[in-house]
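Thank you all for coming; please have the sequence and the model open while I talk. I will go through a few local features one after another.

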Amino acid sequence: MSRPSIRRRLSVSTDTGHADVFTRLCDVDRQGRSVNVCDGLGRLRTDGREPSRITVPMSSAAHRFAVGHRIRWQISAGAHPRYARNPGTGESPVDATTFTPVRLTLHTDSALLLADG
């Protein structure tokens, strides 16, 4: 028996070549209240500004979206302090002494996959 999986397939480019991508799936009710369903973080190294593809599993979830609710997919370049900051230089987050701002570009062929898998 297969288990449902939630994954995000992203096409991302970055100006430094080193980046984290954090995504979160949320359930938004009719009043606009957002509840976290699951999330995940991926660390990638890119070759310049060319798009790189990354598929990272998100945390496990068993959730039913009620009628009238909306799905929110948040995407950011990190989730500090939950996850260690990516210094943007290629150094280990544990040993890094220099941090560089990173500009991420999310390309249109990215997708959130909600399926059995």
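Predicted model: local features only at pLDDT ≥ 70, side-chain atom pairs only at ≥ 80, totals over all residues.

Residues are numbered from 1 along each chain as its sequence is written, and side-chain values use heavy atoms, with hydrogens and water left out.

Strands here are DSSP runs of E with at least two residues, numbered from the N terminus, and two of them pair if DSSP finds at least two bridges between them. Strand β2, residues 18–28, runs antiparallel to strand β3, residues 34–45, and eleven bridges join them.

Which parts of the chain does the aromatic pair link? Rings of Phe, Tyr and Trp (its six-membered ring) pair if their centres lie within 6.5 Å, with planes under 30 degrees apart called stacked, over 60 edge-to-face and the rest tilted. By this rule there is one aromatic pair: the ring centres of Phe 22 and Tyr 83 are 6.0 Å apart and the planes meet at 55°, so the pair is tilted. Phe 22 lies in strand β2 and Tyr 83 in the loop between β5 and β6, 61 residues apart.

In the loop between β5 (70–76) and β6 (104–106) we also find Pro 81, and the peptide bond from His 80 to Pro 81 is cis, with omega near 15°.

Notes:
Helix = DSSP H or I, 4+ residues; strand = E, 2+ residues; numbered from the N terminus.
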